[in-house]
Amino acid sequence: MNHYRDFDNYLKEYPSENGYFGKYGGNYLDNPELVKAFFEYAEAYNTIAKSAQFISELRRIRKDFQGRPTPVYHCQRLSNLLGRTQIYLKREDLNHTGAHKLNHCMGEGLLAKYMGKKKLIAETGAGQHGVALATAAAYFGLECDIYMGEVDIEKQAPNVTRMKMLGARVVPVSRGLRTLKEAVDAAFEAYANEYKTAVYCIGTAAGPHPFPLMVRDFQQVVGDEARAQFKEMTGHLPDRVVACVGGGSNSIGMFVPFLADPVELYGIEPLGRGPKTGDNAASVTYGKEGIMHGFNSIMLADENGEPAPVYSNASGLDYPAVGPEHAMLHDMGRVHYETVGDDEAIEALFLLSRYEGIIPAIESSHALAYAIRVAKEGEPLSVLVNLSGRGDKDLEYVVDHYGYGDDVIKKYQNI
Ligand SMILES: *Cc1c(COP(=O)(O)O)cnc(C)c1O
């Protein structure tokens, strides 16, 4: 195992000036106005976000407003139940608003403020990104337009209420299937018209340059903190680091600080109900190279190159592509991509709730489930899991479909 040795200069080499991670990334939008807007955005990011003033203001926001650093926690009861593997969590569920997404939204909001913009624009599917961005907009005193399909507005009523409470305008999108894909198109169109006074904020480490770079950098605080905290707690580095992969923001932020270390990295994709097309959202595992939403990466597409239908019981993971940096790290063999299905993730959710008093998001439960799978193999390893968010938003769904998990707990007690 020495494939980590080539990564000392990684952050200087990737992405390239035009936003390429190897052959992945770039900007493939066909609207020249938007290409220009994103180019200006990249320029602003590369100058403003590197200034001492920006960095110190963001540091203060993270501490005073977000409650960072979030702790690293050793799951002693759960580890004892399973055997010799020691499971640790990076507690992003304790970040303000209950998930990691606020880390890049506050960075994007601060950048918008420094650029003199008045408004933040985004789309949202399940509403998690919309809530995080509306929070940032309220903090910075910016307007906020969140584009959301009418079907999603109906399904995600609590998050719609949250966004409105925070002062955001939720714009219903009524075209096509009235879900995330149409909301993305509507948000891009709005941005093309308003880019002189507004910025567009994507919800993950994907999209055209500079988003994969910018979101990666803002999320890197997670891995930087976790690496130092884990070392202080144990005196060494973890054997494995695990994170779930939707578009890839919590995972890339967690992984990058460990790239040059002798640590095995695991990105966990949602297997949903199984390997059949439409039953999962495991983009790296089952996808291939292509262009979607303005960037080149690995994705699940149909014969016409259109996004394929995807599914997972974790709505934050059902995205048909993955950020370009993941595609490159996959090809390099530096990060392993594995899959966990709906039911295995829910088992992990029940175990963490009962054994540690922490109810995780279903997204994060996919990463935890992989650590539990490793623990069942009985090796004396230390595994650090990025617990990307808390599960309050998922309780109703879990109880309706799976109950309270008594059968799962009994099964594990009898092993
Ligand atoms: C959105 C979300 C994810 C997935 O997004 P990434 O960009 O892949 O990190 C994971 N966990 C939680 C709690 C989320 O809200």
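This is a predicted model: local features need pLDDT of at least 70, side-chain atom pairs count only at pLDDT 80 or more; totals for chains, interfaces and linings use all residues.
Helix 5 (residues 101-114) and helix 3 (residues 52-64) have axes that come within 11 Å and cross at roughly 135°. That angle makes helix 3 oblique to helix 5, and the crossing is right-handed. On the helix 3 side, the contact is formed by Q53, F54, E57, L58 and I61, which meet M106, G107, L110, L111 and Y114 of helix 5. Seven nonpolar, two polar and one charged residues make up this contact.

The axis of helix 5 also comes within 9 Å of that of helix 6 (residues 128-140), with a crossing angle of roughly 40°. Helix 5 and helix 6 are therefore oblique to each other, and their crossing is right-handed. Helix 5 contributes K101, L102, H104, C105, M106, E108, G109, L110 and K113 to the contact, while helix 6 contributes Q128, H129, A132, L133, T135, A136, Y139 and F140. By class, nine of these residues are nonpolar, five are polar and three are charged. M106 and L110 of helix 5 take part in the contact with helix 3 and in that with helix 6.

The ligand is surrounded by 16 residues, of which K101, T204, S249, N250 and S388 are the closest.

Conventions. Residues are numbered from 1 along each chain as its sequence is written. Side-chain values use heavy atoms; hydrogens and water are left out. Axes are lines fitted to C-alpha atoms, for helices over the stretch in contact, and angles run from 0 to 180 degrees between N-to-C directions. Helices (H or I, at least four residues) and strands (E, at least two) are DSSP runs, numbered from the N terminus. Angles under 35 degrees count as roughly parallel, over 145 as roughly antiparallel, 65 to 115 as roughly perpendicular and the rest as oblique. A crossing is left-handed if the near helix is turned anticlockwise from the far one by less than a right angle, and right-handed if clockwise. Contact means heavy atoms within 4.5 Å. Ala, Val, Leu, Ile, Met, Phe, Trp, Tyr, Cys and Pro count as nonpolar, Asp, Glu, Lys and Arg as charged, and the others, Gly among them, as polar. A residue is near a molecule or strand if one of its heavy atoms lies within 4 Å of it.
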